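Hello,

Here is the structure we talked about handing over. Please open it first, then read my notes on its aromatic rings below.

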Amino acid sequence: MSRRRRGFEPIRFVRTTEGQLVIGFFVILYVVGGALIWYYYGLGGAIAGWLCITGGLFFFLLLYSLVSLAGWWANR
């Protein structure tokens with residue numbers, strides 16, 4: 001029962017690494033940034049900060065989807 005090893009796929013590696021970096025960035029931003037805002041400004045400030053971070057996340061997702069769509073359309 002041996003698994004077949006696939007060869008190195010650079011495009012797959014780039015996409016998975018890019019996704020991990022983006023997810024890690026937003027996790028650190030929420031946890032560290034939110035904790036620092038909470039420490040200095042209290043719960044109300046932390047909630048407002050998390051809402052702003054969430055808005056930035058949605059803006060990033062919108063831009064990333066537009067660029068991905070343009071890349072898909074160009075390769076079509």
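Two rings of Phe, Tyr or Trp count as a pair if their centres lie within 6.5 Å; for Trp, the six-membered ring is used. By that rule, ring pairs join Phe 25, Phe 26, Phe 60 and Tyr 64 into a cluster. Please keep in mind that this is a predicted model.

The structure holds 6 aromatic pairs. Two of them are described here.

Start with Phe 26 and Phe 60. Their ring centres are 5.8 Å apart and their planes meet at 50°. Planes under 30 degrees apart would be stacked, and over 60 edge-to-face. Phe 26 has a relative accessible area of 11%, so it is buried. Phe 60 comes out at 29%, so it counts as partly exposed.

Next, the tryptophans. The ring centres of Trp 38 and Trp 50 are 5.9 Å apart. Their planes stand at 80°, so the pair is edge-to-face. Trp 38 is partly exposed, at 43% relative accessible area. Trp 50 is partly exposed too, at 27%.

Last, Phe 59. Where does Phe 59 lie? It sits in helix 1, which covers residues 10–75. Is Phe 59 buried or exposed? Its relative accessibility is 51%, and the cut-off for exposed is over 50%, so Phe 59 counts as exposed. Phe 59 and Phe 26 are 33 residues apart in sequence. In space, their C-alpha atoms are 13 Å apart.

Best wishes

Key
Residues numbered from 1 in each chain as written. Predicted model: local features only at pLDDT ≥ 70, side-chain atom pairs only at ≥ 80, totals over all residues. Heavy atoms only, no water. Buried < 20%, exposed > 50% of the residue type's maximum accessible area, 1.4 Å probe, protein only. Helix = DSSP H or I, 4+ residues; strand = E, 2+ residues; numbered from the N terminus.
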